[in-house]
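Here are my notes on this structure for your reading. Please keep the sequence and the model open as you go through the points.

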Amino acid sequence: MSALPLPIPPSAPQSPRSAPPAEPDRPRPTSLTDLFVSFTLIALQGFGGVLAVIQQQVVERKRWMSNEEFIEEWSVAQIMPGPNVCNLAMMIGSRHFGLAGAISALAGILTVPLILVLCLALVYAQFAAQPQVQGALRGMAAVAAGLIAATGLRMSVALTKNVIPLAACIAIAAAGFVLLAWIRMPLAAVIGLLGCLGCVLAWRGLKP
């Protein structure tokens, strides 16, 4: 007479704490056209510099990337040859659509502003000596400086999650400001010196 199989006890339900919370899918550009139009609008708002606008639009409004991801890609764009914002636009476009996305984002950054700048250059040549025009340009430069400073403060929040201690991050940033603004050291030398220091500190922080 064969033995009856023992009943298998029902598995205990997993605790809700054991299951990792599902993260919602991050928004992304829907098409190459969306990418082109988005970067065109970003470029048209970037009076005196696009950094403040691109960070606000890509991170805070569209949420295509987190603040930490933006800082990482901006850091890479800074050390690559060519205009920093163009490098960043190509990197963001490449994240979603590869080479076609990089070209579309770059075209959005350059096409319409290039046409406007050529038209404004013709007008500026006629009125450059006017005191009102010179005063307006100085006022726009002050606004651009304020926007860049505000963007830097918003981006600095991500330093608290960096593998490098916060005090070291602040010291590196202060050293970069002193070397560039006061000592007038070449940009390539500052990036090479402080960049290598940052890489070493990050490697030590990630080392098990």
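1. Start with burial. A residue is buried under 20% relative accessible area, exposed over 50%, and partly exposed in between (1.4 Å probe, protein chains only). At 24% relative accessibility, Glu69 therefore counts as partly exposed. Of the 208 residues of the protein chain, 26% count as buried.

2. Some ground rules. The model is predicted, so local features need pLDDT of at least 70 and side-chain atom pairs count only at pLDDT 80 or more, while totals for chains, interfaces and linings use all residues. Residues are numbered from 1 along each chain as its sequence is written, and side-chain values use heavy atoms, with hydrogens and water left out.

3. The overall build. The protein chain has seven helices and zero strands. Its pattern along the sequence is α-α-α-α-α-α-α. Helices (H or I, at least four residues) and strands (E, at least two) are DSSP runs, numbered from the N terminus. Contact means heavy atoms within 4.5 Å. Among contacts in the protein chain with a separation of 6 or more, 58% join residues 24 or more positions apart.

4. The surface. The protein chain exposes about 14,200 Å². Carbon and sulfur atoms supply 71% of that area. Accessible areas come from the Shrake-Rupley method with a 1.4 Å probe; for residues, only the protein chains shown count as cover.

5. The core. Which residues have the most contacts inside the largest nonpolar core? They are Phe39, Ile54, Phe70 and Ile92, in a core of 23 residues. Helices H1, H2 (51-61), H3 (67-79) and H4 each supply at least two residues of this core. The largest share, eight residues, comes from H4. A nonpolar core is a set of buried Ala, Val, Leu, Ile, Met, Phe, Trp, Tyr and Cys residues joined through side-chain atoms within 4.5 Å.

6. Look at Ile92. Leave aside its neighbours within four places in sequence. Ile92 is then in contact with Phe39, Ile54, Val58, Trp64, Met65 and Glu73.

7. Helix H3. Its 13 residues should span 18 Å at 1.5 Å a residue. The end C-alpha atoms of H3 are 19 Å apart, which agrees. The expected span is 1.5 Å times one less than the number of residues. In H3, Asn67, Phe70, Ile71, Glu73, Trp74 and Ala77 are buried. An α-helix has 3.6 residues a turn, so residues three or four places apart point the same way.

8. Salt bridges. Side chains of opposite charge can pair when their charged atoms come close. A salt bridge here is a side-chain nitrogen of Lys or Arg within 4 Å of a carboxyl oxygen of Asp or Glu. By this rule the count comes to two. Glu69 and Arg95 meet in one of them (3.6 Å, N to O). Glu69 lies in helix H3 and Arg95 in helix H4, so the pair ties together parts that are 26 residues apart in sequence.

9. The other partner of Arg95. The side chains of Glu73 and Arg95 meet in a salt bridge (2.6 Å, N to O). This pair also links distant parts of the chain, with Glu73 in H3 and Arg95 in H4, 22 residues apart. Is Glu73 buried or exposed? Glu73 is buried, because its relative accessible area is 11%. Arg95 counts as partly exposed, at 38% relative accessibility.

10. A nonpolar patch. Val37, Leu41, Leu44, Leu116 and Leu120 form a nonpolar patch on the surface. Together they have about 430 Å² of accessible area. Helix H1 (32-45) and helix H4 (84-127) each supply at least two of the patch residues. H1 gives the most, with three residues. Leu116 lies in H4 and counts as partly exposed, at 41% relative accessibility. Patches are made of residues with over 30% relative accessible area and no salt bridge: like charges are joined within 9 Å, nonpolar side chains (Val, Leu, Ile, Met, Phe, Trp, Tyr) within 5 Å.

11. Two backbone angles to check. Arg63 has a positive phi of about 55 degrees although it is not a glycine. Arg63 sits in the loop between H2 and H3. Phi of Arg184 is near 65 degrees, again positive in a residue other than glycine. Arg184 is in the loop between helix H6 (166-182) and helix H7 (187-206). Arg63 is partly exposed, with a relative accessible area of 48%, whereas Arg184 counts as exposed at 66%.
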